[in-house]
Amino acid sequence: MIMFQLTLIRHGETEANKLGLLQGQLNVPLSNHGKEQARKLAERLAAERFFKLYTSDLSRCLETTERIAAYHQYAEIVTDNRLRERCYGRLEGRPHCVVNETIRRAGVASRDYTAPGGESFEELHRRVVDFFNSVCSDYCELVDDETFLRFPSPDDQTVLSQHLKNGLHGNEAISDHIVVVSHGGTINCLMRHFAEYGCEQLVTGGVTPNTALNSFIVCVERYPHPRCVSVRVLMSHDLSHLEPRSQC
């Protein structure tokens, strides 16, 4: 078995976020505040070592990714439209209050509501899981037998405890780190999928905040074909890079 660290990051704030508008797959750039969030995020990740950076092809994610990549010139950047936000069709660009009222009148849960011209939750889930499976498969192809690292047994929490203590830093046992920049709904959907692997302490309620870090250890069984066998959470919805720095 092999394992890698996977960090999911939501893009920085946009003007639509600030105004409470449903973006979906509209191409909305970062606001000035969102650019500042992305800058602080990039500074936080500057000391990290990751070899691949996946991003949605929508501009708010590309802008966030560009700031991260400025500190990681040797990381491979892969644009993937499977990382787009859920499409809400004719509801895109409308205020959330209007959208919520539309869904309420339909008499279904928001997850189960499919907007006219939009994407169902099942369609979103299918493409997000397909992306994750391809990441696992592609990673397996890159790893040589001599570099395999075994995931700790349930009784051996040393690796995870050290990660939890040090955040994203300070542990050489995890050989590779992959970063994904995407959207709130997409990340939430993927995190719900991780819960199916018994991912403990996982926060699945609500949308992860702008530029929040959600980091996991993914364990993949290579034979007879690549498949994820476990996911463990290191941190979720982490925004410590946006907190005021101590002057002490």
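The legends below describe close-up views of a predicted model.

**Figure 1. The chain as a whole, with its helices and strands.**
Seven helices and six strands make up the secondary structure of the chain. Read from the N terminus, the elements follow the order β-α-α-β-α-β-α-α-α-β-α-β-β. The chain has 248 residues, and 48% of them are buried. Among contacts with a separation of 6 or more, 79% join residues 24 or more positions apart.

**Figure 2. The largest pocket and the residues around it.**
The largest pocket holds about 640 Å³ of space. Its lining consists of 28 residues, and those nearest the centre are Leu22, Glu85, Tyr88, Gly185 and Val207. Two or more lining residues come from each of the elements α4 (residues 96-106), α5 (residues 121-142) and α7 (residues 184-195). Helix α7 supplies the largest share of this lining, with five residues. Sorted by class, the lining of the largest pocket contains nine nonpolar, 13 polar and six charged residues.

Rolling a probe the size of a water molecule over the atoms shows where empty space is left. In this model, one cavity reaches 30 Å³ or more. The volume of the largest cavity is about 40 Å³. The residues lining the largest cavity are Leu8, Leu83, Val128, Phe131, Val180, Ser182, Thr186, Ile187 and Leu190. The elements that each contribute two or more of these residues are α5, β4 (residues 177-182) and α7. Helix α7 gives the most, with three residues. Seven residues of the lining of the largest cavity are nonpolar and two are polar, while none is charged.

**Figure 3. Helix α2 and its buried side.**
Helix α2 covers residues 32-45, which is 14 residues. The distance from the first C-alpha of α2 to the last is 20 Å, close to the 20 Å expected at 1.5 Å a residue. Which residues of α2 are buried? They are Gly34, Gln37, Ala38, Leu41, Ala42 and Leu45. These residues lie on the same side of α2, because they cover an arc of only 135 degrees around the axis. The buried residues of α2 pack against β1 (residues 2-10), α3 (residues 59-69) and β5 (residues 213-221).

**Figure 4. Helix α3 and the elements that cover it.**
Helix α3 is mostly covered, with eight of its 11 residues buried. The buried residues in α3 are Ser59, Arg60, Cys61, Glu63, Thr64, Thr65, Ile68 and Ala69. Where does their cover come from? The elements over the buried residues of α3 include β1, α2, β2 (residues 52-55), β3 and β4.

Cys87 sits in the loop between β3 (residues 76-79) and α4. Cys87 has a relative accessible area of 17%, so it counts as buried, the cut-off being under 20%. Leaving aside residues up to four places away in sequence, Cys87 touches Gln25, Glu92, Gly117, Gly118, Glu119 and Arg127. Pro116 is 29 residues from Cys87 along the chain, and the C-alpha atoms of Cys87 and Pro116 are 10.0 Å apart.

Most residues other than glycine have a negative phi, and most peptide bonds are trans. Thr211 is not a glycine, yet its phi is positive, near 65 degrees. Thr211 belongs to the loop between α7 and β5. Is Thr211 buried or exposed? Thr211 is buried, with a relative accessible area of 0%. His237 also is not a glycine, and its phi is positive at about 55 degrees. His237 lies in strand β6. The relative accessible area of His237 is 22%, so this residue is partly exposed. The peptide bond from Tyr223 to Pro224 is cis, with omega near 0 degrees. Pro224 is part of the loop between β5 and β6 (residues 227-238).

Notes:
Residues are numbered from 1 along each chain as its sequence is written. This is a predicted model: local features need pLDDT of at least 70, side-chain atom pairs count only at pLDDT 80 or more; totals for chains, interfaces and linings use all residues. Side-chain values use heavy atoms; hydrogens and water are left out. On a 1 Å grid over the protein atoms alone, a cavity is a set of points where a 1.4 Å probe fits but cannot get out, and a pocket is an open set with protein on both sides within 12 Å along at least five of seven lines; lining residues have an atom within 4 Å of a point. Grid points are joined across faces, edges and corners, and a volume is the space filled by probe spheres set on the points. Helices (H or I, at least four residues) and strands (E, at least two) are DSSP runs, numbered from the N terminus. Ala, Val, Leu, Ile, Met, Phe, Trp, Tyr, Cys and Pro count as nonpolar, Asp, Glu, Lys and Arg as charged, and the others, Gly among them, as polar. The expected span of a helix is 1.5 Å times one less than its number of residues. Buried means under 20% relative accessible area, exposed over 50%, partly exposed in between (1.4 Å probe, protein chains only). The arc is that of the directions from the helix axis to the C-beta atoms. Contact means heavy atoms within 4.5 Å.
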